[in-house]
Amino acid sequence: MKKAVAFPLIILFFCASGIVNGQSKKMTTSLKGSIKNPQRDFCMIRQQGRADTIKLGTDGSFELLIEQNTGNYFTIEHGKQSIVLYLLPSDEVTIQMTSTSLLDAKELKGNSGVYIQYLIDKQKADKADQMQFQPFKIAALTGDVYFSKRDSIKSSRLKMLQEKSTQHHFIAQFVSSEKKTLDYQMGVELLNFKTGASKLGTTIQSEKIEKFNDGLSLNEEEVTYDYFFRSFALNHMAELATKKYYASETKTTLKYYEFLMEAICTHIASEKNKSILISELMPQLMNDIGTMDMRNMVSILETCCSDKKLIASVKKAAAQYEHLYPGKPAPDAAFYDASGNKTKISSYKGKVLYIDAWATWCGPCKREIPYLKTLEEEYHGKNVQFISVSTDKDVNAWKDYIVKQSMGGLQLHQSENFEETISKMYIVNSIPRFIIIDEAGNIVNTDAPRPSSGAEIRNILDTLLAD
């Protein structure tokens, strides 16, 4: 879940049942509307890193009072549809939408209506232009040709902005933000082109692309919360991190994210932008590195970031995995075999344990089985205990499968008491997961290489057996 960033505006939500949340402020913008044929009874509104839920009336209607002293961007999401709004302070805005396409909004009223219509037209034009850049068409383009096409589109957007601004007298703040957003949007697409063309084997030799992207500031705070700015900044930092990752000897997911954190800290001076980008990154980071040791990551963050709340939240997130760091005593999860006999991890102390958390319904799990069988055969007679732990809810499906597949090693099912399961004690949120415990009963790795990793897993087992 994304971290809610500190945000100076208080949003008051109204629906058919009345006020959901609110306090009074001086300047209030009213937004009324409806979503025809809603897919669900709520929608989301996002602004400056904050997300709130709006309860819809039975007819899809909603009403919001938004406290703000300046104009601000908002995004309304419903199902897979979204629409960007720009709302002026002290305005009364109405908008009618349909769930199949929020961009087909009608009956726009209020001073903010012309801003919203401009954003709708721009988003529709962007979707139409994307047809020029499908993968099979990219393969035929050189970097210079692609840059020229994107530059032409940017120029047409600037022309549209100027025309609409002259016609409707857009405020300077909005025009400035839109111009900068177009630059970062182009930057994102140039980065995507480089990545896509590389995958398709197209050689990129365009100094224009590099010069343009190098000219985009990562410290521009006027567009800190803009999607294209955040996407450009994170993707640009990812490029730098990837180069260091492939040049390093250690190639783990954790190492990549350490390089990425270092890139953000090194190349972004704005504390605000740094904080927002790291906050944006953290959910994916936590999901990808799982139970890996985050102590060095936290150290990097403490060195470069002054956002104490962010650091505290990262430390709190990392703390839930501390008991699973290498060298810690292995939590004593419980299991039972096909005959119902109970056992625990501590029962096998004295052996190196290679534990496979899996399920019969998991495709990637089943693809590892042939490799696991080969590994078991190679280490037969050595001080390694291979344990496969099923997380299946259907116990009979598990029993039938291990017989049908003639699975070797020790075939167990995790305890029926959730508090002592491997899922709970080792925070197994996705499978397959492989866990290594040494002969002394201490953790070596709770997200170990898979059997299919070849030499990688064999080197670890050989080292443990040689100690």
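**View 1. Cys-265 and Cys-304 are joined in a disulfide, with 1.8 Å between their sulfur atoms.** The bond connects distant parts of the chain, since Cys-265 lies in helix α7 (residues 253–267) and Cys-304 in helix α9 (residues 295–304), 39 residues apart. A disulfide is assigned here to a pair of cysteine sulfur atoms within 2.5 Å. Helices (H or I, at least four residues) and strands (E, at least two) are DSSP runs, numbered from the N terminus. Both Cys-265 and Cys-304 are buried; the term buried denotes under 20% relative accessible area, exposed over 50%, and partly exposed the range in between (1.4 Å probe, protein chains only). The sulfur of Cys-305 is 5.7 Å from that of Cys-304, the closest cysteine sulfur, and this is too far for a bond. Cys-305 is also buried, with a relative accessible area of 7%.

The model is predicted: local features require pLDDT of at least 70 and side-chain atom pairs count only at pLDDT 80 or more, whereas totals for chains, interfaces and linings use all residues. Residues are numbered from 1 along each chain as its sequence is written, and side-chain values use heavy atoms, with hydrogens and water left out.

**View 2. Cys-362 and Cys-365 form a disulfide, with their sulfur atoms 2.3 Å apart.** The torsion about the S-S bond of this pair is about 80°, and the disulfide is therefore right-handed. Cys-362 is buried at 4% relative accessibility, and Cys-365 is buried at 1%. The structure holds two disulfides; with the bonded cysteines numbered in sequence order, the pairing is 1-2, 3-4.

**View 3. Leu-281 is located in helix α8 (residues 271–289).** This residue counts as buried because its relative accessibility is 5%. Beyond residues up to four places away in sequence, Leu-281 touches Tyr-257, Leu-260 and Ile-264, where contact means heavy atoms within 4.5 Å. The C-alpha atoms of Leu-281 and Phe-259 are separated by 13 Å, and the two residues are 22 apart along the chain.

**View 4. The largest nonpolar core comprises 83 residues.** Such a core is a set of buried Ala, Val, Leu, Ile, Met, Phe, Trp, Tyr and Cys residues joined through side-chain atoms within 4.5 Å. The residues with the most contacts inside this core are Met-261, Leu-285, Met-294, Ile-345, Ile-355 and Tyr-426. A second, separate core of 22 residues includes Ile-54, Phe-74, Ala-105 and Ile-116.

**View 5. Strand β7 (residues 72–78) has alternating side chains.** Strand β4 (residues 42–47) runs antiparallel to β7 and is joined to it by three bridges; strands pair if DSSP finds at least two bridges between them. Arg-46 has Thr-75 as its bridge partner in β7. Strand β8 (residues 81–87) pairs with β7 in the antiparallel sense over seven bridges, and Glu-77 stands opposite Ser-82 in β8. β7 and β8 form a hairpin with two residues between them, and Gly-79 in the turn has a positive phi of about 65°.

**View 6. Ser-99 occupies the loop between β9 (92–98) and β10 (101–109).** Ser-99 is buried, with a relative accessible area of 4%. Its contacts, neighbours within four places in sequence aside, include Ile-35, Asn-37, His-78 and Gln-81. The side chain of Ser-99 reaches the backbone oxygen of Asn-37 at 2.5 Å.

Methods. Polar contact = N/O pair within 3.5 Å; in protein donor to acceptor, adjacent residues only side chain to side chain.
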